[in-house]
Amino acid sequence: MKPDLRFDFIADMQKSTLTVRREFDAGRQLVWDCYTKAELLDKWYAPKPLTTKTQSMDFRDGGHWHFAMIDPEGTHYWSRTDYETITPIEAYTAYDGFTDETGVVNPDMPRSHIHQAFTDLDGRTMVEMLVSYNSPEDLQKVIDMGMESGLASTLERLDELLVSLAGEAA
């Protein structure tokens, strides 16, 4: 039976922020690994039917993750996460934005600052992401691009991966 897992998606247009809370039925270390290791991110970090391919990753303060989400026709949608601070299995901060295939940030698309926190929750893990945009217009643009449904689909993939990884460990 699939557990009932919390998912909150709260947009604050006045502050140009988005708060996303998602509960996972797995321990914090495993969830942290899924968010911070390229070989695991490539298995879940895209809404269906897209896939993810890491171009390069250096998970450390000042490091980055350059990756593409790839649609079934083979079109690559490039992005880059520039890690600012990392506190292992607790939180990280980063800047995130769309790029070209070389990793150059697209100035015509919204760029965000992310604070991602991981906490224990009675044997489960709560992940809270505070995303800050430069303006309400930038926030509205990503909402209009389908961020809520895309994120819900992406996080469901993480649920599936966590079940698979737990089965491998058993």
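I take contact to mean heavy atoms within 4.5 Å. I am working on a predicted model, in which local features need pLDDT of at least 70 and side-chain atom pairs count only at pLDDT 80 or more, while totals for chains, interfaces and linings use all residues. Residues are numbered from 1 along each chain as its sequence is written, and side-chain values use heavy atoms, with hydrogens and water left out.

**Entry 1**

T36 counts as buried because its relative accessibility is 7%, where buried means under 20% relative accessible area, exposed over 50% and partly exposed in between, with a 1.4 Å probe and protein chains only. A polar atom of the T36 side chain lies 2.8 Å from the backbone oxygen of W32. Helix 1 as a whole is mostly covered, with seven of its nine residues buried, and among them I listed W32, Y35 and T36.

**Entry 2: T54**

Which strand holds T54? I found T54 in strand 3, which runs over residues 51–58, and T54 is buried because its relative accessible area is 18%. The side chain of T54 makes a polar contact of 2.6 Å with the side chain of D42, and another of 2.8 Å joins the side chains of T54 and W65. For a polar contact I require a pair of N or O atoms within 3.5 Å; within protein, one must be able to donate a hydrogen and the other to accept it, and residues adjacent in sequence count only if both atoms are side-chain atoms. Not counting residues up to four places away in sequence, T54 touches A38, D42, W65, H66 and F67.

**Entry 3: the largest pocket**

I then turned to the largest pocket, which holds about 880 Å³ of space. Of the 37 residues that line this pocket, the closest to its centre are Y45, M69, D96, F98 and M147. On a 1 Å grid over the protein atoms alone, a pocket is an open set of points with protein on both sides within 12 Å along at least five of seven lines, and lining residues have an atom within 4 Å of a point. The elements that each supply at least two lining residues include helix 2 (38–44), strand 4 (64–70) and helix 4 (147–169).

**Entry 4: backbone geometry**

Most residues other than glycine have a negative phi, and most peptide bonds are trans. I recorded that the peptide bond from K48 to P49 is cis, with omega near 10°, and that P49 lies in the loop between helix 2 and strand 3. S16, in the loop between strand 1 (7–12) and strand 2, has a positive phi near 55°, and S16 is buried at a relative accessible area of 6%. I89 also has a positive phi, near 50°, and sits in the loop between strand 5 and strand 6. Is I89 buried or partly exposed? I noted I89 as partly exposed, because its relative accessible area is 23%.

Definitions and conventions:
Helices (H or I, at least four residues) and strands (E, at least two) are DSSP runs, numbered from the N terminus. On a 1 Å grid over the protein atoms alone, a cavity is a set of points where a 1.4 Å probe fits but cannot get out, and a pocket is an open set with protein on both sides within 12 Å along at least five of seven lines; lining residues have an atom within 4 Å of a point. Grid points are joined across faces, edges and corners, and a volume is the space filled by probe spheres set on the points.
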